[in-house]
Amino acid sequence: MRNGSGPTTSSKYARSSRGVDDAVKCRVCRGRAVIAVRRHNAGFCKDHFIAHIHRQVERTISDYGMFGHGERLLLGVSGGKDSLALWEILTVLGHEVDGVYLHLGIGDYSSDGLRFSQEFAARRELSLEVVDLEGEHGFSVPQASEVTARVACSACGLSKRYLLNEVAFRRGYDVLVVGHNLDDEAAVLWGNVLRWQVDYLSRQRPVLPASEEGLLRKVKPLVRVAERETAAYAVLRGIDYEIEECPMASGNTINRNKEWLNLMEERSPGLKAQFLFGFLDRGAAYFPPNPPDLAMCGECGQPTPGELCAFCRLKKATVVRIADRRSL
Amino acid sequence: MKVLLHQTRREVEVRGPRTVKALLNRLDLVSESVLVIRGDQLLPDEERLRPDDFIEIRPVISGG
């Protein structure tokens, strides 16, 4: 029998001793719960779960000094649960946030993500900019992956980091906001610790500061909210989002790490949060930020430690090889 | 009951489980990785299930 499925389940989940009503009770109002957050040893009804998520994000923004009211925020939006839930939460909390959708050319997955993002923005009268990688730079993520033999998630991540900063900088935003949740950050940390990627550990923070050379401040307000909770929030708020996983990301390292962590979380509720916040509170000091000297990319002007930024190098290699193939 | 599994994009018939937790155990799924939905309602692990239920199991892991 798995842990948590037997009669030893915590009494705080309020099983009735009469055996008639086994439902979890809301921690706040004692009404019928729709979700149990095991790491908090608490159940929540719909309204109190939504309020709980809003409080978690508000506290995160405040504790880490992410941004204040009046700063211009740009959110990277994918059409998935995390970014759309975050857009909703920040708007409810009174922040003005614009969105940017990066169309990376990944077939129906990209088209569906765009549709969900546009419908969300239109319904709430929010501003969404669309950047088309192929239209503006002449290649898609699948093409970059294929012709350079680079792992798709690596080409994708590199392109997203570049494009988000580039558009936020060009449009004069103060802060770049991303929807990385607790599971995302814990899985990345897990991978970096397993391989002792010290450079990456020194960069893993909920707030990455701006640089004079043009990197915007980047913040992760969902870092205290688990992936399952952002999905539940989206469902409870009636947010339609892309459920299907990216076809190129299936089985990637991050997802595998998440599955392993979830197996451990099932046995030890709270383990993911302890792992991540233990690092941020007590471990990160041993891996101080060590930002490289940056200059302007000779091609695009974005900050880079080399002469050409990684995105321009990828773009050059991809576009040249696509042209070579076409001329054959 | 009928169960829609998004992860494998298939609908299966499952007989027997009386709670969400039992259903997840039967399907060898970890509750931390999925949401279980009936109609437009989220179901916690202890929720009782009926033989005529239509249940959606939605993965929550995404890593683009």
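This is a predicted model: local features need pLDDT of at least 70, side-chain atom pairs count only at pLDDT 80 or more; totals for chains, interfaces and linings use all residues.
Start at strand E4 of chain A, residues 97-103. This strand is mostly covered, with six of its seven residues buried. E4(A) pairs with two strands that are taken here in turn.

One partner is strand E3 of chain A, residues 73-77. E3(A) and E4(A) run parallel and share five bridges. Between E3(A) and E4(A) the chain passes through helix H2 of chain A, residues 81-92. This β-α-β crossover is right-handed.

The other partner is strand E5 of chain A, residues 128-132. Its pairing with E4(A) is parallel too, over five bridges. Here A:Gly99 has A:Leu128 of E5(A) as its bridge partner. Helix H3 of chain A, residues 107-124, belongs to the β-α-β unit with E4(A) and E5(A), and that unit is right-handed.

Now turn to the helices. Two packed helices are described by the angle between their axes and the distance between the axes. Helix H7 (residues 182-194) and helix H10 (residues 253-267), both of chain A, have axes that come within 9 Å. They cross at roughly 100°. That angle falls in the 65 to 115 degree range, so H7(A) and H10(A) count as roughly perpendicular.

Which residues make the contact? H7(A) supplies A:Asp183, A:Ala186, A:Ala187, A:Val188, A:Trp190 and A:Gly191. H10(A) supplies A:Thr253, A:Ile254, A:Asn257, A:Lys258 and A:Leu261. By class, the contact between H7(A) and H10(A) has six nonpolar, three polar and two charged residues.

Notes. Residues are numbered from 1 along each chain as its sequence is written. Chains are lettered from A and ligands numbered from 1 in the order in which they are written. A residue is buried if 20 or more other C-beta atoms lie within 10 Å of its own, exposed if 12 or fewer, and partly exposed in between; C-beta atoms are placed from the backbone. Helices (H or I, at least four residues) and strands (E, at least two) are DSSP runs, numbered from the N terminus. Two strands pair if DSSP finds at least two bridges between them. A crossover is right-handed if, with the strands pointing away from the viewer, the path from the first strand over the helix to the second runs clockwise. Axes are lines fitted to C-alpha atoms, for helices over the stretch in contact, and angles run from 0 to 180 degrees between N-to-C directions. Angles under 35 degrees count as roughly parallel, over 145 as roughly antiparallel, 65 to 115 as roughly perpendicular and the rest as oblique. Two residues are in contact if their C-beta atoms, placed from the backbone, lie within 7 Å. Ala, Val, Leu, Ile, Met, Phe, Trp, Tyr, Cys and Pro count as nonpolar, Asp, Glu, Lys and Arg as charged, and the others, Gly among them, as polar.
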